[in-house]
Amino acid sequence: MNSTLASQIVTLKIDGKDCGARGDETILSVARENGIDIPTLCHYDGLTDIGACRICLVEVKGSPKLFAACSTLVTEGMEVSTNSPRLQRYRKTILELLFSERNHVCAVCVSNGHCELQAMAMKLGLTHVRLPYRYPNLKVDATHTRYVQDDNRCILCQRCVRVCAEIEGAHVWDIMGRGIEARAITDLNEPWGASTSCTSCGKCVHVCPTAAIFEKGKSAGEMVKRSFVSELAAKREVYE
Amino acid sequence: MTAEELNELIEQEVEANKLFVHSINVCVAAGCLSSHADQTLDALKKEVKAKGLDKEIKVKGVGCMGLCAAGPLVEIRDASNAAQVMYQGVQGEHAEQVVASAGKQSVQSLVCDTSIPFFAKQVKIVLENCGLIDPERIEEYIVAEGYRALQKCLQELAPTKVVEEVTKSGLRGRGGAGFPTGLKWATVAKAQNKQKYVICNADEGDPGAFMDRSVLESDPHRVLEGMAIAAYATGANRGYIYCRAEYPLAVKRLKNAIKQAERVGILGQGIMGTTFNFTVEVRLGAGAFVCGEETALIHSIEGKRGTPRPRPPFPAQSGLWGCPTLINNVETFANIPPILRKGGAWFASIGTEKSKGTKVFALAGRVSNTGLVEVPMGMKLREIVFSLGGGIPDGKKFKAVQTGGPSGGCIPEQFLDMEVDYDSIAKVGSIMGSGGMIIMDETSCMVDVAKFFMEFCKSESCGKCVPCRVGTSQMYDILCKVTDGTATPEEIAMLEELCDLLKSTSLCGLGMTAPNPVLTTMKYFRNEYDAHIQGKKCPAGVCKIKAAQEVLV
Amino acid sequence: MSSISAMPAPPSSDKRWKLVDAAIKRHGRAGHSLIECLHTMQECFGYLDEQGLKYVATALNLPLSKVYGVATFYHIFSLKPQGEHTCVVCMGTACYIKGAPQILAALEEKYGVKPGETTKDNKLSVLTARCIGSCGLAPAVVFDGDVGGKMVSSDALKRVEKWMNI
């Protein structure tokens, strides 16, 4: 199906700007190619999109529904609006929900200043959270020799799950439980340090948008992420 | 099995039945079984044998007769299959009286009056065989015109004609949103792919709805026939029935039906002497409401966590293992054989302009006649609740009908004269859903009901998307504060804001519809919310309001 | 490209593993049969233990975390053993408005167990169900697989009492 879509050239409008694209491209990628910024959280270049965070929702003319830009393909004649007041309002409230869900304390966080959740709050002008904080009591797993997992800062974007399964091929991470009780786990919800499948490659550390996974020995503000995953994804090939 | 063999089988069955003067049918669907209908069936069989009547009277287990509240139900029919009498609450001890009454004076103390509106006003299409045939014998289904529609399709109709007929019938999906079935079939039929699948959604998750369960337990072959016709029409050769594990009897009867159909060559390779192949497998759910959503259901069949994914692409384009997949629910498939037998035009002549045919409703809650009824679309809500349902028991006052489960809403008294179809229910803020109708009287607190459903959505949310995962949790917390009398007007405003957010931004139908019970109760029973917040009182006396000092501490 | 590893040995000589083994092989060790295999394992042992999950994961060539994710997503699966007897109170809408919460409260008061818990002597587990489809007979309670309809607290307590005195 995708090979036929890839050969189609479609034209569409994003925020009034005329854009040309291949039929197998998402609204997000076409927007970014054309210098239009759509905010995202769970999206990560090089990983499969899952449309989970709902931050990248956009309006498409003629439909009452909103669409996740990361996982919606462009179609001929589409008119997309990416930054209406309604969208801005929704994005802010979704961020408020995320901040209220777990324990995000920036001042003491190793990712302070390099955190995508924090950056998103600044970008969208979120100054305070109107919802009560849930203050869940969550675990910190420091059993791994090099890394730490801290559930308190996890936003369940599943980047770690995807990078480990899709790029590293180890599938150490997954999500257990469901709803508000969902948690990122390694193996059979065992201590990460005891994992038999982890290769200690560190990809999960570098795709984590917050500091739910970070390197040991870093103190507040020191955890800076490297981005090499999209390159790895692009260069993947079957040898011979 | 060829057409001749099918006819032969019918003749044999009819011949064998001729010997009997009477049949005593005992409902052995789940409702009556929980009233120990199995013991009643055993006692009747023993009694007939003891009296030496086993050549004249046939005692058999049949499917649901509808009035679960009066179970176990037993019906006596004569050789021409005309009903003599229906008995209610029949226990083992009544066996002697019941058997003795066959063809004679009925036992007055046990008679269940079938002239009451509950029975008399029903129009049965989906349930036409329920209560009449033994669900564990394919022969009985075949004699009742079963598999004739499939035979007709294979022999006389091209696949496109079958799709046309379904389109003409105006049938809409009976699982929730009411999407036109013909359109869905046409999309899958058009998809260019060698491998396609047909899935029957038997994950009846709406609490308060049990029609799919009843159909599966009472007439499983009808669903298989509907699926086989769909497979033929769309070009699929494999089918899955995704059934709730909470329905063990339905699973057992389905598996049995599949085995029988394979044995006689109605499922398998080269069906009825044609080149059409179709096999069906049952897959068990494991207790996840969200798996009623198409893409989550597909993930579950693939052995994964039942989380939905964004649509498009729709399953009709890319579904199970990436192949075009048709998903319909049990009641939808059950409508297919009669539509193909009698024609789409016949079906379209029943019901309202935009909602054709009949709908099975499950009446439950504070209503006298709890059970299943099948009525033409467009019947007035008042008639369903007060005439068929027999009204509210114990002299209590009607308050609301809850339809559509956690995705639906509460319909108040002012809409009782509404004609029930997809669009009219949607207009008042609820949904048809799978057809559950929970009737509530003055003893129910509507805020408590909204809280009940929000707890449901919160714990059934898959946790993938943020609005549903965190939003349902926050909304539940606010509703808890309303019911204990500590909520503030600001919190109510936030509740309304979150309703709008979830409706617009959630990834799947579960999150998008989760606000419906809150929105409808806030709209129609605002006084009850106000009573809790300002009056610190629960009018129905259900909620435990915190005393003022407690709040201060 | 992918190679299938040898079928692992069952965790113990317990005969019930043969049934799990049969379920795994019936589906050709396909990963998509995970839920079916977990159902079989739970039917055989009453719950899913860590060793069993590891066994199924290896046999189906699935990542451990994926198996754990599935086992904890679906509410029917239990990762801890249940009591000798189970009492499942239906909390569907019809049962809820007709008094299911009162039945749960009565059970908790008498035996000190909340839904999802088991008594200390391991005799009784109290569970709830979303809807068992017996709405016509609400409220419904399932005692060791046997459905009882139109229950009031005293009926339910009486049924449970019979188990506790043995």
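Student: How far apart do the C-alpha centres of domain 1 of chain A and domain 2 of chain A lie?

Tutor: They lie 26 Å apart. This is a predicted model, in which local features need pLDDT of at least 70, side-chain atom pairs count only at pLDDT 80 or more, and totals for chains, interfaces and linings use all residues. Residues are numbered from 1 along each chain as its sequence is written, while chains are lettered from A and ligands numbered from 1 in the order in which they are written.

Student: What makes up the two domains of chain A?

Tutor: Residues 2–83 form domain 1 and residues 104–235 form domain 2; such bounds come from an automatic or database domain assignment.

Student: How many residues of domain 1 of chain A are in contact with domain 2 of chain A?

Tutor: Eleven, and they meet 18 residues of domain 2 of chain A. Contact is a matter of C-beta atoms, placed from the backbone, lying within 7 Å.

Student: What share of chain A counts as buried?

Tutor: Of its 240 residues, 45%. A residue is called buried if 20 or more other C-beta atoms, placed from the backbone, lie within 10 Å of its own.

Methods
Contact = placed C-beta atoms within 7 Å. Buried ≥ 20, exposed ≤ 12 C-beta atoms within 10 Å, placed from the backbone.
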